[in-house]
Amino acid sequence: MKRAIPVVVLSIAGLVPVWLYQPSAQSSTVQTTTPAPSTSSSSSSGTSGANVVTSSTINTEKGPVQLQVTFVGTKITAVKMLQQPNHPQTTAAVPKLIAETLEAQSADIDTVSGATITSEAYKKSLQATIDDNAKTASASPSASSEAASRTVDGSALSTEKGPVQVQVTFAGTKITAVKMLQQPNHPQTTAAVPVLVAETLEAQSADIDTVSGATITSEAYKTSLQAAIDARG
């Protein structure tokens with residue numbers, strides 16, 4: 001009997017951990033929230049001259065929407081979602097919205113079924129970046145000077161002294177430079193040309209005086225100059 005006691009004691013001791021263990025009535029799950037996936041698509045691998053525009057955040061009942069759009073000139077080359085609702089329907093809709101944007105090159109795209117709220121916020125955000133890019137392009141000094149500057153060759157005229165032709169550079173409607181492409185090889189012409197050019201830049205027209213001693217060259221100069229002004233439009 002004395003030998004049996006330790007066995008019983010040990011058996012009871014072995015069961016104690018089992019009795020003390022009770023399964024939890026509720027299981028707790030730790031959920032890790034990951035940022036909304038960034039989805040981007042590019043139709044051009046080059047980034048030279050690119051303008052990257054980030055839209056303001058639009059808060060929707062599904063979650064925030066924010067875009068980053070890359071432009072080369074006015075062309076949309078890439079769209080990246082910086083913020084988007086963490087929802088399966090949004091995840092499925094975003095690649096479609098981006099593909100349509102790159103094809104349409106505008107915010108005039110279809111709403112994705114099942115993701116109407118995200119689609120509308122996407123289109124509004126996209127339009128904001130397009131407007132922003134247009135303002136930046138128009139305000140760019142290099143872009144406006146390149147668009148405004150134009151060089152026009154006047155007509156070539158044959159005179160008894162020799163050929164006369166001018167080349168005129170315009171900035172908008174303003175004459176900024178005059179270059180002689182052809183002129184008589186004569187001392188009086190050589191002396192007259194700087195005077196004619198100076199008068200042109202001051203008058204901003206072909207209504208200038210004839211230089212004494214170089215009447216034939218002066219008249220041909222004015223005719224060629226007027227042809228360049230007319231060709232400028």
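Q: Where in the chain is the place of A156?
A: Let's start with the numbering: residues count from 1 along each chain as its sequence is written. This is a predicted model, where local features need pLDDT of at least 70 and side-chain atom pairs count only at pLDDT 80 or more, while totals for chains, interfaces and linings use all residues. Strands are DSSP runs of E with at least two residues, and helices are runs of H or I with at least four, numbered from the N terminus. A156 sits between β6 (149-153) and β7 (157-158), in the loop.

Q: Is A156 buried, partly exposed or exposed?
A: Buried means under 20% relative accessible area, exposed means over 50%, and partly exposed lies in between (1.4 Å probe, protein chains only). A156 has 49% relative accessibility, so it counts as partly exposed.

Q: Which residues does A156 touch, not counting residues up to four places away in sequence?
A: Contact means heavy atoms within 4.5 Å. Q182 is 26 residues apart from A156 along the chain, yet their C-alpha atoms are separated by 7.8 Å. With residues up to four places away in sequence not counted, A156 touches V164, Q165 and Q182.

Q: Are α5 and α6 parallel or oblique?
A: Axes are lines fitted to C-alpha atoms, for helices over the stretch in contact, with angles from 0 to 180 degrees between N-to-C directions. Under 35 degrees is roughly parallel, over 145 roughly antiparallel, 65 to 115 roughly perpendicular, and the rest oblique. The axes of α5 (residues 187-203) and α6 (residues 215-232) come within 10 Å and cross at roughly 40 degrees. That makes α5, relative to α6, oblique.

Conventions:
Heavy atoms only, no water.
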